[in-house]
Amino acid sequence: MRRTAIIVGILSLTVWASAQSTGSAQQTPPAQGTAAQGTPAQAASTTQPAVKRPPQAKTTPEFDAYKAADANTDPAALEKAADDFAVKFPDSELRVLLFKKDMHLYQNTNNADKTEELGRKFLAIDPDDPDCLTTVAEVIAERTRDTDINRDQRYDDGLKMAQKALTTIDTDVLVPAGTPQEKVDSFKAGLRAQAYSTMGTIEYNRGSFPAAQEDFQKAIDAYPSQPYAPDVLRLALALDKQGKYDDALKAANKAVELSQESTMIGGSARREQDRLQKLTGHAPVAQPQTQTPPNQPAQPQTTPPQSQPPNH
């Protein structure tokens with residue numbers, strides 16, 4: 001997945017600050033309206049929008065158990081610890097933090113089934129979290145096949161999740177006070193790009209190439225400072241499918257610029273570029289030396305089927 005590391009760090013800081021302060025004042029556990037750092041919340045102003053507060057521990061034992069579970073770095077071990085924690089503290093708000101961390105650990109090992117499973121565990125508790133929504137939706141888009149009996153239902157679910165994420169990005173990304181705004185803005189832009197990219201992939205796989213073109217362009221526009229080579233290539237493929245070869249070639253040329261030939265995406269981009277050059281009669285362009293953009297997030301790559309846009 002793209003650009004998830006920032007929010008993982010942000011959430012860790014948030015829950016540490018809120019739960020730690022709660023543990024130090026365990027005689028008076030915070031009520032539902034307590035502020036993130038454990039101080040009594042001021043009466044909500046009728047002119048201020050409701051703000052979603054970060055998860056909190058109610059007692060020191062709960063927080064200590066959370067810290068012990070969170071110390072696991074192996075996804076299988078963390079999954080067991082998270083499930084045990086959820087059994088011991090069935091109403092704990094901190095359950096979601098463990099499920100989300102484990103979701104991303106499984107994601108980093110390319111275990112799509114477990115990534116989706118842990119993401120759905122989180123969403124069963126908090127159905128509005130945009131990070132989990134986009135993560136699960138992306139797994140659905142990339143791993144659902146035409147031969148799957150529940151193909152249409154899964155694609156419908158993936159579209160709904162991605163669309164919902166677009167409506168909750170500005171309200172349900174939790175950050176602690178003092179986080180640089182540029183980091184928050186960068187992550188939100190990445191989530192929007194991811195949501196649109198997922199929608200485009202589903203539309204492409206369904207043969208709705210105009211809708212796919214629109215979504216892939218929105219994905220690129222959502223994060224213009226760091227155009228994502230797979231999305232640019234997908235845009236080229238969607239245009240190609242519609243016979244818009246000149247525009248497709250422009251996108252393919254850009255995908256080539258953004259990727260290295262030795263990568264799967266780079267090889268696919270160059271094959272698409274070569275095909276479109278032959279179709280349009282344009283002479284091959286000189287290939288620039290490319291480097292991986294700074295701070296480009298790691299992304300699992302798979303060999304794209306010929307009938308589908310390239311996966312992340």
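# Briefing: helices, salt bridges and aromatic pairs

Phe85 and Phe89 are both buried (under 20% relative accessible area; exposed is over 50%, partly exposed lies in between; 1.4 Å probe, protein chains only). They belong to a predicted model, in which local features need pLDDT of at least 70 and side-chain atom pairs pLDDT 80 or more, while totals for chains, interfaces and linings use all residues. Residues are numbered from 1 along each chain as its sequence is written, and side-chain values use heavy atoms, without hydrogens and water.

**Overall architecture**

- Of the 312 residues in the protein, 49% are buried.
- Among contacts (heavy atoms within 4.5 Å) with a separation of 6 or more, 67% join residues 24 or more positions apart.
- The protein exposes about 15100 Å² (Shrake-Rupley method, 1.4 Å probe), and carbon and sulfur atoms supply 53% of that area.

**Salt bridges within helices**

- The whole structure holds 22 salt bridges (a side-chain nitrogen of Lys or Arg within 4 Å of a carboxyl oxygen of Asp or Glu).
- In helix H2 (residues 60–70), Lys67 and Asp64 are three residues apart, about one turn of the helix. Their salt bridge has its closest N and O atoms 3.7 Å apart. Lys67 is partly exposed, with a relative accessible area of 33%, and Asp64 is also partly exposed, at 39%.
- In helix H9 (residues 209–222), Glu214 and Lys218 are four residues apart, about one turn of the helix. The side chains of Glu214 and Lys218 form a salt bridge with an N to O distance of 3.3 Å. Glu214 has a relative accessible area of 44% and is therefore partly exposed; Lys218, at 32%, is likewise partly exposed.
- In helix H12 (residues 264–280), Lys278 and Asp274 are four residues apart, again about one turn of the helix. The closest N and O atoms of the salt bridge between Lys278 and Asp274 are 3.2 Å apart. Lys278 is exposed, with a relative accessible area of 64%, whereas Asp274 is partly exposed at 36%.

**Salt-bridge network**

- Glu79, Lys114 and Glu117 are linked to one another in a network of salt bridges.

**Aromatic pairs**

- Tyr204 and Phe209 make an edge-to-face pair, with 5.1 Å from centre to centre and 70 degrees between the planes.
- Tyr204 is buried, with a relative accessible area of 3%. Phe209 also counts as buried, because its relative accessibility is 19%.

Conventions: Helix = DSSP H or I, 4+ residues; strand = E, 2+ residues; numbered from the N terminus. Phe/Tyr/Trp six-rings, centres within 6.5 Å; stacked < 30°, edge-to-face > 60°.
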